[in-house]
Amino acid sequence: MRRATSRLILLRHGQSEWNGASGFGPARFTGWVDVALTPRGEAEAAAAGALLRSQAPPMAVDAAFTSELRRAAKTAELCLPGAAVARDARLNERHYGALQGVRKDDPGLLATPLAHSTQTQNPLTASELEKIRRSMREAPPAMSASHPHYDAKAPPTESLADCQRRVLACFDERVAPAVRGGRTVLVAAHANTLRALIAALDGVPDALVPKIFVPNAVPCVPSRRPTSFEDQLKKPTS
């Protein structure tokens, strides 16, 4: 018998090699670069699954979705051993344009124009960089074909709003139908894809989006009440 209340669980991947992990170098803007989990990140993912199973009653996941990037897919695999997990590139992390691969603490980041960008630009200011990282509408300088992480199949850059559009398309097409009928669904993805989804589901205004923080490998449930959440699932997204 199906549970009467729909439940959506959001899970950011465990610590990755570019999250500033000890022994793996400084934190970098990762985006679509396909880095792996660290041993700590793998342990975090497994612990997230144990946490779900330790609830009373245990949170039995009926369906799971993840991105095409291995740090998220491995997190889902370790969280839900033996479960079928559907991959979808629309759940990939936000594309960080020419910032991808750049150290977040690089002293040259605010001193010189970004290399491998299609845009002629002055160096980024600290304020501009903060808006790019946290706001809804600011996109990083676009990546050029000379960039070491260039992928012709990927967008050249994305704002969080751009990322949100594709995430919501995936949500409407695949995730929401799975949630309906009282099922429990896990989405294992990335900080920005989950921030974008939370902003849409919980109706967070653009001005407050910078305050949304999604920790590594901590299962989260959107705050919307079940009745309101069911209503949200039935509404088409723009």
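Helix α4 (residues 160-179) packs with α5 at an angle of about 75°, and their axes are 9 Å apart. Angles of 65 to 115 degrees count as roughly perpendicular, and that makes α4 roughly perpendicular to α5. On the α4 side the contact is made by L160, C163, Q164, R166, V167, L168 and F171. On the α5 side it is made by N192, T193, R195, A196, L197, A199, A200 and L201. By class, this contact of α4 with α5 has 10 nonpolar, 3 polar and 2 charged residues. The model is predicted.

Helix α1 brings E42, A45, A46, A48, G49, L52 and R53 to the contact, and α2 brings K74, T75, L78 and C79. Sorted by class, the contact of α1 with α2 has 6 nonpolar, 2 polar and 3 charged residues.

The two pairs are set out below.

| Helix pair | Angle between axes | Distance between axes |
|---|---|---|
| α4 and α5 | about 75° | 9 Å |

The largest pocket has a volume of about 410 Å³. It is lined by 22 residues, and those closest to its centre are R12, K104, R133, A191 and N192. One of these, N192, also belongs to the α5 side of the contact with α4.

Which helices each supply at least two residues of the lining of the largest pocket? They are α3 (126-134) and α5 (191-201). By class, the lining of the largest pocket has 7 nonpolar, 7 polar and 8 charged residues.

Terms used
Residues are numbered from 1 along each chain as its sequence is written. This is a predicted model: local features need pLDDT of at least 70, side-chain atom pairs count only at pLDDT 80 or more; totals for chains, interfaces and linings use all residues. Side-chain values use heavy atoms; hydrogens and water are left out. On a 1 Å grid over the protein atoms alone, a cavity is a set of points where a 1.4 Å probe fits but cannot get out, and a pocket is an open set with protein on both sides within 12 Å along at least five of seven lines; lining residues have an atom within 4 Å of a point. Grid points are joined across faces, edges and corners, and a volume is the space filled by probe spheres set on the points. Helices (H or I, at least four residues) and strands (E, at least two) are DSSP runs, numbered from the N terminus. Ala, Val, Leu, Ile, Met, Phe, Trp, Tyr, Cys and Pro count as nonpolar, Asp, Glu, Lys and Arg as charged, and the others, Gly among them, as polar. Contact means heavy atoms within 4.5 Å. Axes are lines fitted to C-alpha atoms, for helices over the stretch in contact, and angles run from 0 to 180 degrees between N-to-C directions. Angles under 35 degrees count as roughly parallel, over 145 as roughly antiparallel, 65 to 115 as roughly perpendicular and the rest as oblique.
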